[in-house]
Amino acid sequence: MYNPTVARLTYRALLGRRRALILFALPALLLVIAAAVRAFNGADDQVAADVLGGFALATMVPLIGVIAGTGAIGPEIDDGSIVYLLSKPVKRPSIIFTKLIVAIAVTMVFSAVPTFLAGMILNGNGQQVAVAYTVAALVASIAYSALFLLLGTVSRHAVVIGLVYALVWEALFGSLISGAKTLSVQQWALAVAQKVSGEGLVTSDVGLPTAVALLVGVTVLATWYAGQKLRTLKLAGEE
């Protein structure tokens with residue numbers, strides 16, 4: 001299913017100059033915030049959890065997911081260059097699967113790694129805060145990549161819709177409104193992180209079995225549906 005040629009082209013598109021600047025900017029901002037907080041506050045477990053939960057997981061991870069997920073396929077569909085790829089003897093589900101793997105890898109590298117480094121800066125992994133939020137970022141990266149890859153497949157306004165989802169639903173509603181939390185990738189990832197950290201500073205409003213089922217279900221369904229949409233995309237001259 002994994003196609004190295006498709007992967008190479010996707011990596012090249014995602015790590016082009018413009019997107020790379022954005023991908024590096026968010027982690028850099030997190031590390032600057034972490035260093036400033038540590039300098040002014042000292043090592044504080046609760047503050048570390050607040051910074052990693054409030055900025056890293058609630059804002060940075062979904063935004064990077066938007067950039068990687070939609071950028072893995074959306075621009076090719078928008079400018080029509082996808083037809084050159086679809087005209088090759090490559091199965092369309094294989095294209096989606098490969099692009100998903102690339103999007104997940106990019107999202108993980110640019111979100112989980114800086115989350116861990118920020119956690120170590122903030123409190124040296126006291127109460128497993130750095131590791132717990134790193135695991136949350138890794139888990140969330142998979143679901144976000146699948147969701148935003150699907151969005152890039154079905155809509156020409158994928159980036160705008162993705163940004164609204166990331167900034168309004170995940171960062172605002174998913175953090176503050178009880179009913180919305182059950183449908184938040186952030187809360188599902190926090191449930192896994194809570195298991196890693198134990199009953200401490202990392203908490204979620206969603207139970208672990210429900211969170212795991214939703215993470216797996218959303219990832220599988222989004223990937224399957226993206227494959228179906230690409231399968232039905234018509235090339236010029238196709239009947």
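**Close-up 1. V135 and its partners.** V135 touches V192 and V196, leaving aside residues up to four places away in sequence; contact here means heavy atoms within 4.5 Å. This is a predicted model, in which local features need pLDDT of at least 70, side-chain atom pairs count only at pLDDT 80 or more, and totals for chains, interfaces and linings use all residues. Residues are numbered from 1 along each chain as its sequence is written, and side-chain values use heavy atoms, with hydrogens and water left out. V135 sits in helix 7; helices (H or I, at least four residues) are DSSP runs, numbered from the N terminus. With a relative accessibility of 21%, V135 counts as partly exposed, given that buried means under 20% relative accessible area, exposed over 50%, and partly exposed in between (1.4 Å probe, protein chains only). V135 and V196 are 61 residues apart along the chain, and their C-alpha atoms are separated by 8.0 Å.

Close-up 2. V192 has 17% relative accessibility, so it counts as buried. Skipping residues up to four places away in sequence, V192 touches V135, V139, L208 and L215. P75 is another story: V192 and P75 are 117 residues apart in sequence and 33 Å apart in space, C-alpha to C-alpha.

**Close-up 3. Helix 10 against helix 11.** Two packed helices are described by the angle between their axes and the distance between the axes. For helix 10 and helix 11, the angle is about 130 degrees and the axes are 9 Å apart. Axes are lines fitted to C-alpha atoms, for helices over the stretch in contact, and angles run from 0 to 180 degrees between N-to-C directions. Helix 10 and helix 11 are therefore oblique to each other: angles under 35 degrees count as roughly parallel, over 145 as roughly antiparallel, 65 to 115 as roughly perpendicular and the rest as oblique. Their crossing is left-handed, the label used if the near helix is turned anticlockwise from the far one by less than a right angle (right-handed if clockwise). On the helix 10 side, V185, W188, A189, A191, V192 and K195 meet L208, A211, L214, L215 and V218 of helix 11.

**Close-up 4. Helix 7 alongside helix 11.** Here the axes come within 9 Å and cross at roughly 25 degrees. Helix 7 and helix 11 are therefore roughly parallel to each other, and helix 7 passes helix 11 in a left-handed crossing. Helix 7 brings V139, I142, A143, A146, L147, L150, T153 and V154 to the contact, while helix 11 supplies L215, V218, T219, A222, T223, Y225, A226, K229 and L230.

**Close-up 5. The two helices end to end.** Helix 7 has 26 residues and reaches 37 Å from its first C-alpha to its last, close to the 38 Å expected at 1.5 Å a residue; the expected span is 1.5 Å times one less than the number of residues. Of those 26 residues, 20 are buried, so helix 7 is largely enclosed by the rest of the structure. Helix 11 (residues 208-231) has 24 residues and should span 34 Å at 1.5 Å a residue, which agrees with the 34 Å between its end C-alpha atoms. Its buried residues are A211, L215, T219, A222, T223, A226, G227 and L230. They pack against helix 5 (82-86), helix 6 (92-123), helix 7 (129-154) and helix 10 (185-197).

**Close-up 6. Y133 and the core.** The largest nonpolar core has 69 residues, and M60 and Y133 have the most contacts inside it. A nonpolar core is a set of buried Ala, Val, Leu, Ile, Met, Phe, Trp, Tyr and Cys residues joined through side-chain atoms within 4.5 Å. Not counting residues up to four places away in sequence, Y133 touches A49, L52, G53, L57, T115, L190 and V202.

**Close-up 7. Q127 and Q128 in the loop.** Q127 lies in the loop between helix 6 and helix 7, and Q128 is found in the loop between helix 6 and helix 7 as well. Q127 has a positive phi of about 55 degrees although it is not a glycine. For Q128, also a residue other than glycine, phi is positive and near 60 degrees. Q127 counts as partly exposed at 46% relative accessibility, and Q128 is partly exposed with a relative accessible area of 34%.
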